[in-house]
Amino acid sequence: MARSIIGGLVSSGWPSKNIFVSDPSKEQRNLLEKQFSITIYENNEKCIRQADIVVLSVKPQVLKQAVESIRTTLVKNNPLIISIVAGIRISDIVKWIGQEVPFVRAMPNTPALVNCGVSGLLANAHANSFHKQSATQVMQAVGQVIWVNTESDIDTVTGISGSGPAYFFKLMEIMINAAQANGLGGTVARTLALQTALGAAKLASKSEHLPGELRRQVTSPGGTTEAALLTMEKHGIDETITLGINDAIKKSAELAKTLGAM
Ligand SMILES: NC(=O)c1ccc[n+]([C@@H]2O[C@H](COP(=O)([O-])OP(=O)(O)OC[C@H]3O[C@@H](n4cnc5c(N)ncnc54)[C@H](OP(=O)(O)O)[C@@H]3O)[C@@H](O)[C@H]2O)c1
């Protein structure tokens, strides 16, 4: 995820000389060195000494340890901190730092890897409008940005766009399987399903109409689309997907409680 952000920043014109990254893994450092002309450190604290913005992008389980390795410098320099770490709330990270600091929590999603993500952003009271603008710029390197108001909103973002790519992958998987069960070859089935998903997303994002209206427009009475949708609705497609999303949102809140208590 950090590599995607760096790639997006560089291609959107951020000077490479202003980007510093730290990773304990020699292999990762070598990869980054090959890919970008940026400054790479093994030591987190050395990496952030000159930073105006610090992006935390480690797995949730090692975040506390990573924050503790830089907390003295964070307190001294007071940079804007952006955490993209899933499941850990701002108040818990600030507690590990030991002092209030300007902080933005971001919840990106995997299409960020192809610069087509969407991130939900939440700021604490110490982040001013300049900090928010900076966070917007950083996260726009990997896609669109939307601001939300509460940690509970971030749980909802997690259930919608964070986990959302998997819902669409599941639908593509079902369509591919159905195409194959009805006699098409694997490559043809994959092309049809993926191009339809891409086309539908593009059409919906460019159209002045909401997805519900677009669906109505392609559903002729007595036609094939209506036959499919009536069966899907009879078997509870709306309830199934809504229940699934609500469970993801609930799980996000539960994980935040467990991970924040580390
Ligand atoms: N992937 C997504 O779609 C997505 C979406 C939303 C949020 N996120 C969040 O983004 C974060 C990064 O995810 P990812 O998939 O990019 O993880 P990742 O591939 O494991 O990247 C994390 C990197 O941090 C390094 N690291 C480990 N401990 C460190 C330390 N103490 N100090 C500095 N660097 C350290 C790791 O090195 P080693 O490999 O040597 O451990 C690894 O290179 C996670 O918190 C995840 O929850 C990801």
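Visitor: Where does Asn 115 lie?

Guide: Begin with the elements. Helices (H or I, at least four residues) and strands (E, at least two) are DSSP runs, numbered from the N terminus. Asn 115 sits in the loop between β5 and β6 (117–123). This is a predicted model: local features need pLDDT of at least 70, side-chain atom pairs count only at pLDDT 80 or more, and totals for chains, interfaces and linings use all residues. Residues are numbered from 1 along each chain as its sequence is written, and side-chain values use heavy atoms, with hydrogens and water left out.

Visitor: What is phi of Asn 115?

Guide: Near 55°, a positive value in a residue other than glycine. Asn 78 also has a positive phi, near 50°. Asn 78 belongs to the loop between α5 (71–77) and β4 (80–83).

Visitor: Why does Asn 115 count as partly exposed?

Guide: Read the relative accessible area. Buried means under 20%, exposed over 50%, partly exposed in between (1.4 Å probe, protein chains only). Asn 115 is at 41% relative accessibility, so it counts as partly exposed. Asn 78, at 39%, is partly exposed too.

Visitor: And Asn 124, buried or exposed?

Guide: Buried, at 14% relative accessibility. Asn 124 is in the loop between β6 and α7 (129–139).

Visitor: Which residues is Asn 124 in contact with?

Guide: Contact means heavy atoms within 4.5 Å. Leaving aside neighbours within four places in sequence, Asn 124 contacts Ile 90, Val 94, Glu 100, Val 101, Pro 102 and Phe 103.

Visitor: On to α7. Which residues in α7 are buried?

Guide: Take the general idea first. An α-helix has 3.6 residues a turn, so residues three or four places apart point the same way. In α7, the buried ones are His 131, Ser 134, Ala 135, Thr 136, Val 138 and Met 139. They pack against α1 (2–11), β3, β4, β5, β6 and β7 (143–147).

Visitor: What caps the N-terminal end of α7?

Guide: Look for a polar contact, a pair of N or O atoms within 3.5 Å. Within protein, one must be able to donate a hydrogen and the other to accept it, and residues adjacent in sequence count only if both atoms are side-chain atoms. Here Asn 128 is the cap, with a side-chain oxygen 3.0 Å from the backbone nitrogen of Phe 130.

Visitor: Lys 132 lies in helix α7. What is it in contact with, beyond four places in sequence?

Guide: Ala 123, Ala 127 and Trp 147. Lys 132 is partly exposed, with a relative accessible area of 34%. Its C-alpha is 11 Å from that of Ile 146, 14 residues apart in sequence.

Visitor: Which residues have the most contacts inside the largest nonpolar core?

Guide: A nonpolar core is a set of buried Ala, Val, Leu, Ile, Met, Phe, Trp, Tyr and Cys residues joined through side-chain atoms within 4.5 Å. The largest one holds 24 residues, with Leu 56, Leu 63, Ile 93, Ile 97 and Phe 103 making the most contacts inside it. Two or more residues come from each of β3 (53–56), α4, α6 (90–97), β5 (103–107) and α8 (151–162). The largest share, five residues, is from α6. Apart from this core lies another, of 21 residues, among them Leu 32, Phe 36, Leu 80 and Ala 106.

Visitor: What does Ile 97 touch, not counting residues up to four places away?

Guide: Val 67, Arg 71, Leu 74, Val 75, Ile 81 and Phe 103.

Visitor: Now the ligand. Which residues come nearest?

Guide: A residue is near a molecule or strand if one of its heavy atoms lies within 4 Å of it. Of the 20 residues around the ligand, Met 1, Asp 23, Asn 44, Val 58 and Thr 110 come nearest. Helix α4 (residues 60–68) gives the most to this shell, three residues.
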